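Thanks for coming, everyone. Please have the sequence and the 3D view open while I talk. I'll go piece by piece.

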Amino acid sequence: MSEHLTVPIEMALTWRYASGSAMERFAAGLRERRIAALRCDGCGRRYLPPRPLCGNCRLPLAEWVPVADEGALEAWTVMHLPILDGRTGEPREAPYGMGLIRLDGADTTVNHYLDERDPERLAIGMRVRAVWRGDLRGAMDDILHFEVLR
Amino acid sequence: MIREGGMSIPFRFAAGEAGSAFLAALRDDRRILGARCRGCGRVVVPARAFCGRCGGADLAFEDVGPEGTLIAWTQRPGHGVFGLIRLDGGDGALLHRLLSPLPALVAGVRLRPRFAAERRGDIRDIEGFEVVNGSDA
């Protein structure tokens with residue numbers, strides 16, 4: 001036996017995700033280019049994306065605060081493997097930049113794509129701004145990526 | 001709010017030594033390959049590298065079928081009918097698509113494979129199994 005075969009298989013996964021009330025309100029804001037975080041009464045931490053409970057204090061979160069669509073790059077990487085884009089279900093063409101972005105008015109970071117993929121031109125602390133989709137849908141990918149402000 | 005989502009995950013399944021022999025036999029010769037365990041005599045289909053019953057690793061490939069007997073079937077609306085088929089000379093059952101219309105599909109009926117014209121070394125080199133004319137359960 002010398003021949004070793006591999007069989008191409010495509011596994012299709014579909015799901016229905018119940019977003020919960022906090023995420024629902026957040027997504028409705030995105031449709032109007034509004035970003036909002038939930039602020040904890042106990043420790044003051046502002047969560048983006050919003051979540052129902054504070055991870056530090058275990059208090060329910062209810063106070064919405066506005067967040068800018070600009071912020072600072074807390075970390076970045078350049079991806080060279082065309083792994084699946086969870087937003088589309090299709091592989092994203094590599095290389096591409098990704099960043100952890102702390103938007104002005106939030107205390108947590110969001111993970112998103114960057115329009116820059118040259119490591120020489122990326123640095124922690126850089127200012128970035130959201131690039132919005134033309135036809136807003138009320139979903140996380142209403143923000144296509146973040147552009148680096150120079 | 002409920003969000004609909006989906007993704008497709010492409011990958012290549014490495015068939016291994018015995019699996020590759022099974023698929024190559026389908027593709028090249030339209031033969032269905034089982035493996036007889038020299039320890040307990042069981043003939044596993046598709047061919048495997050070891051015996052799942054006695055754990056033995058001393059197996060010899062041998063042809064089974066191509067005809068067989070329908071053990072059980074189920075229908076998946078929109079996707080077709082699937083059956084467990086015990087191939088002549090083999091133990092256990094092979095899960096595959098059934099191509100004959102439902103009224104003919106009763107447990108015990110005789111089946112034969114229909115091979116695809118273009119075969120690539122894939123279990124779908126068998127398009128499915130159809131009832132042998134004149135066969136009664």
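Start with helix 1 of chain A, where the buried residues are Ala22(A), Phe26(A) and Leu30(A). Where do they sit around the axis? They cover an arc of only 80°, which puts them on the same side of helix 1 of chain A. An α-helix has 3.6 residues a turn, so residues three or four places apart point the same way.

What do these buried residues pack against? The partner is strand 2 of chain A.

A word of caution before going on. This is a predicted model. For the complex, the predictor gives an ipTM of 0.70 and a pTM of 0.61. Chain B has a mean pLDDT of 91, and 97% of its residues reach 70 or more. Among the elements of chain B, the lowest mean pLDDT, 84, belongs to strand 1. The highest, 96, belongs to strand 8, residues 110-115.

**Chain A from end to end**

Chain A holds one helix and nine strands. Read from the N terminus, the order is β-α-β-β-β-β-β-β-β-β. Of the 150 residues in chain A, 22% are buried. Now take the contacts in chain A between residues at least 6 apart in sequence. Of those, 51% join residues at least 24 apart.

Three strands of chain A make an open sheet, in the order 3-2-4, with antiparallel pairing. Which strands stand at the edges? Strand 3 (46-47) and strand 4 (63-67) of chain A do. Each has a single partner strand, so one side of each is left without a neighbour in the sheet.

Look at one of those pairings up close. Strand 2 of chain A, residues 35-39, is joined to strand 3 of chain A by two bridges. The two strands run antiparallel. For Leu38(A), the bridge partner in strand 3 is Tyr47(A).

Follow the chain on from Tyr47(A). The peptide bond from Leu48(A) to Pro49(A) is cis, with omega near -5°. Pro49(A) is in the loop between strand 3 and strand 4 of chain A. Arg58(A) is found in the loop between strand 3 and strand 4 of chain A, too. Its phi is positive, about 65°, although Arg58(A) is not a glycine.

Another cis peptide bond joins Ala94(A) and Pro95(A), with omega about -5°. Pro95(A) sits in the loop between strand 5 (70-79) and strand 6 (96-103) of chain A.

Then there is Arg33(A), in the loop between helix 1 and strand 2 of chain A. Phi of Arg33(A) is near 60°, a positive value in a residue other than glycine. Arg33(A) has 13 other C-beta atoms within 10 Å, so it counts as partly exposed.

**Where the chains meet**

Now the two chains together. In chain A, 23 residues are in contact with 22 residues of chain B. Which elements of chain A give two or more residues to that side? They are strand 1 (6-18) and helix 1 (20-30) of chain A. Strand 1 of chain A gives the most, with 13 residues. By type, this side of chain A divides into 13 nonpolar, six polar and four charged residues.

Strand 1 of chain A also pairs across to chain B. 13 bridges join it to strand 1 of chain B, residues 2-14, and the two run antiparallel. Take Ala12(A) as an example: its bridge partner in strand 1 of chain B is Ser8(B).

**Two cores**

Last topic. In soluble globular proteins, nonpolar side chains tend to be buried together. Here the largest nonpolar core has 26 residues. Among those with the most contacts inside it are Phe22(B), Ile32(B) and Leu87(B). Several elements of chain B each supply at least two residues, including helix 1 (16-29), strand 2 (32-37) and strand 6 (80-87). The largest share, five residues, comes from helix 1 of chain B.

What does Phe22(B) touch, leaving aside its neighbours within four places in sequence? Phe22(B) is in contact with Leu33(B), Pro46(B) and Ala47(B).

There is a second, separate core of 25 residues. It includes Ile35(A), Tyr47(A), Val67(A) and Trp76(A).

Methods:
Residues are numbered from 1 along each chain as its sequence is written. Chains are lettered from A and ligands numbered from 1 in the order in which they are written. Two strands pair if DSSP finds at least two bridges between them. Helices (H or I, at least four residues) and strands (E, at least two) are DSSP runs, numbered from the N terminus. A residue is buried if 20 or more other C-beta atoms lie within 10 Å of its own, exposed if 12 or fewer, and partly exposed in between; C-beta atoms are placed from the backbone. Two residues are in contact if their C-beta atoms, placed from the backbone, lie within 7 Å. Ala, Val, Leu, Ile, Met, Phe, Trp, Tyr, Cys and Pro count as nonpolar, Asp, Glu, Lys and Arg as charged, and the others, Gly among them, as polar. The arc is that of the directions from the helix axis to the C-beta atoms. pLDDT is the predictor's confidence in each residue, from 0 to 100. A nonpolar core is a set of buried Ala, Val, Leu, Ile, Met, Phe, Trp, Tyr and Cys residues joined through C-beta atoms within 7 Å.
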